[in-house]
Amino acid sequence: MRLDKEGQVSSIPEILEQFPGREWSWALEAFEYWGAPPTVRLYPSGCTTTQPVDTGDGPYFVVVDGDLTSTAPVEFVTCDYTPGLVIVTGSLNAPLLYFANNIRVFVGGDVRVSGACLGQLGDRNAMLTVEGELHARTLILGSYAEVCADKGIRALVYAHRLDQLCPDIVNDGLGDDSPFFRPELLDHRENYPPQTVRSRGGRGRLRRGGTVPAGGGGELSRTPGAAPRLRMTGSR
């Protein structure tokens with residue numbers, strides 16, 4: 001189904017009147033600098049489907065008031081720098097989620113993807129913002145796509161840079177790491193323990209023999225004379 005074609009026809013003023021003061025309202029600025037007005041669609045009772053969900057080239061502004069659930073892949077894409085904005089006030093559930101180019105997606109609940117969540121292109125305009133948790137088997141981000149999940153990312157992550165992920169994990173001694181790691185990886189202050197092994201990037205760390213809160217789960221193991229490797233052990 002084409003998310004920007006179906007649903008209830010609406011307008012930006014009507015949406016702002018119905019959803020005042022929302023944190024995503026700043027993203028509407030992208031339409032002010034575009035030559036054509038966006039297609040605006042509202043799903044007042046959520047959206048549940050067994051069909052693949054996608055969008056056109058844009059510009060479009062879609063609000064799903066409730067959950068967006070599909071048993072088929074969900075793809076949010078625009079044509080190059082054409083702006084697109086998708087708001088899901090509830091949770092987003094799908095077997096696969098793909099977002100690319102100049103698309104900004106805001107989810108008020110959790111994102112639960114049984115397979116992969118992929119983002120690419122967009123020159124830092126391809127953004128997925130989640131107020132809850134992001135659960136996926138794997139999260140794969142191209143050079144310019146960004147993800148922010150306020151309550152943590154539960155996935156095996158591949159990204160070019162750490163600043164593509166938010167919130168970042170910082171061992172600052174404040175006890176802020178408990179939402180992101182299994183209890184056996186934390187010290188008594190709920191921080192990274194000092195007995196850790198650095199990841200390939202040199203900034204992330206894992207303790208030998210501990211597990212990570214990835215979609216597939218995992219633990220570090222070491223063969224004498226070899227570098228540590230991640231062994232999959234099942235989800236959290």
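**View 1. Strand S2 and strand S4 run parallel and are joined by five bridges.** In this predicted model, local features need pLDDT of at least 70 and side-chain atom pairs count only at pLDDT 80 or more, while totals for chains, interfaces and linings use all residues. Residues are numbered from 1 along each chain as its sequence is written, and side-chain values use heavy atoms, with hydrogens and water left out. Strand S4 covers residues 60-64, and Tyr60 in S4 stands opposite Thr39. Strands (E, at least two residues) and helices (H or I, at least four) are DSSP runs numbered from the N terminus; two strands pair if DSSP finds at least two bridges between them.

**View 2. Strand S1 pairs with S2 in the antiparallel sense.** Two bridges join S1, residues 8-9, to S2. Val9 stands opposite Arg41 in S2.

**View 3. Pro52 lies in the loop between strands S3 and S4.** Strand S3 is made of residues 47-49. Met1 is 51 residues from Pro52 in sequence, yet their C-alpha atoms are 6.1 Å apart. With neighbours within four places in sequence left aside, Pro52 is in contact (heavy atoms within 4.5 Å) with Met1, Ala72 and Pro73.

**View 4. The largest cavity holds about 40 Å³ of space.** A cavity is a set of points on a 1 Å grid over the protein atoms alone where a 1.4 Å probe fits but cannot get out; lining residues have an atom within 4 Å of a point. Points are joined across faces, edges and corners, and the volume is the space filled by probe spheres set on them. One cavity of 30 Å³ or more is counted. The lining of the largest cavity consists of Ala27, Ala30, Phe31, Pro83, Gly84, Leu85, Asn102 and Arg104.

**View 5. The whole protein has two helices and 21 strands.** Of its 236 residues, 47% are buried. Among contacts with a separation of 6 or more, 34% are between residues 24 or more positions apart. The accessible surface (Shrake-Rupley method, 1.4 Å probe) comes to about 11,600 Å², with 50% belonging to carbon and sulfur atoms.

Notes. Buried means under 20% relative accessible area, exposed over 50%, partly exposed in between (1.4 Å probe, protein chains only). On a 1 Å grid over the protein atoms alone, a cavity is a set of points where a 1.4 Å probe fits but cannot get out, and a pocket is an open set with protein on both sides within 12 Å along at least five of seven lines; lining residues have an atom within 4 Å of a point.
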